[in-house]
Amino acid sequence: MAKHSDPNSKLIAENRQARYHYAVEDTLEAGIVLQGSEVKSMRVGQTNIAESYASVEDAELWLINSYIASLNQATHFGHEERRKRKLLVSKRELARLWNATQREGMTIVPLKMYFNEKGIAKVLIGIAKGKKQADKRETEAKRDWNRQKQRLLKQNY
């Protein structure tokens, strides 16, 4: 029997370059604090997280430099497009993230922003370490080889 996709769950934005620039070691799902006009704009799909990052400041996790376009209908109660947005994680996860960034020199990178099956906005963040140029070339070579392998297998069958 075919699975019916939930109308509430939807991918809003994806940071496709994150796995190219960073070696993601662990992922974590976090809630996000939004205003009403931001949620409406996200449902339309006017969101970008490609240039954003997360940071632990004053015992809170913040998503910085994410872009959510303002709506034309929300003129009086609109929002700032690139404001800091609070991410919701448990105290234990927050301590682990602070440890990773301060002691181990890692970065917190948003990978995906989506609505879950209940219709709640979530952000998938990754604890990552920046790649060197040689590592990026190696990743690109592996990707090209996998593409070529698929073409060869397709031709043989």
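This is a predicted model: local features need pLDDT of at least 70, side-chain atom pairs count only at pLDDT 80 or more; totals for chains, interfaces and linings use all residues.
Local features were considered at pLDDT of at least 70 and side-chain atom pairs only at pLDDT 80 or more, whereas totals for chains, interfaces and linings use all residues. Residues are numbered from 1 along each chain as its sequence is written, and side-chain values use heavy atoms, with hydrogens and water left out.

A search of the whole structure identified eight salt bridges (a side-chain nitrogen of Lys or Arg within 4 Å of a carboxyl oxygen of Asp or Glu). One of them links Arg83 to Glu38, with the closest N and O atoms 2.9 Å apart. Arg83 is located in the loop between strand 6 (67-68) and strand 7 (85-88), and Glu38 in helix 2 (residues 36-44), so this pair ties together parts that are 45 residues apart in sequence. Helices (H or I, at least four residues) and strands (E, at least two) are DSSP runs, numbered from the N terminus. Glu38 also forms a salt bridge with Arg85, for which the closest N and O atoms are 3.0 Å apart. Because Arg85 belongs to strand 7 and Glu38 to helix 2, the pair ties together parts that are 47 residues apart in sequence. Glu38 is buried, at a relative accessible area of 0%, and Arg85 likewise counts as buried at 0%; buried denotes under 20% relative accessible area, exposed over 50%, and partly exposed the range in between (1.4 Å probe, protein chains only).

A further salt bridge joins the side chains of Lys86 and Glu60 at an N to O distance of 3.1 Å. Lys86 lies in strand 7 and Glu60 in strand 5 (residues 60-64), so the contact ties together parts that are 26 residues apart in sequence. Lys86 is partly exposed, with a relative accessible area of 29%, and Glu60 is partly exposed at 25%. Through shared partners, salt bridges join Glu38, Arg83 and Arg85 into one network.

Strand 5 is mostly covered, four of its five residues being buried. Strand 5 pairs with strand 4 (residues 53-57) in the antiparallel sense over five bridges, where pairing requires that DSSP finds at least two bridges between two strands. Within this pairing, Glu60 of strand 5 is the bridge partner of Glu57. The two strands form a hairpin with two residues between them, and Asp58 in the turn has a positive phi of about 55°. Strand 5 also runs antiparallel to strand 7, to which three bridges join it; Trp62 stands opposite Lys86 of strand 7.

Helix 3 (residues 91-102) comprises twelve residues. The buried residues of helix 3 are Leu94, Leu97, Ala100 and Thr101. Viewed down the helix axis, these residues fall within an arc of 125°, so they line one face of helix 3; the arc is that of the directions from the helix axis to the C-beta atoms. The face turned away from the buried side carries the exposed residues Lys91 and Arg92. Elements covering the buried residues of helix 3 include strand 2 (22-32), strand 4, strand 5, strand 8 (107-115) and strand 9 (121-130), with contact defined as heavy atoms within 4.5 Å.

How values were computed
The expected span of a helix is 1.5 Å times one less than its number of residues.
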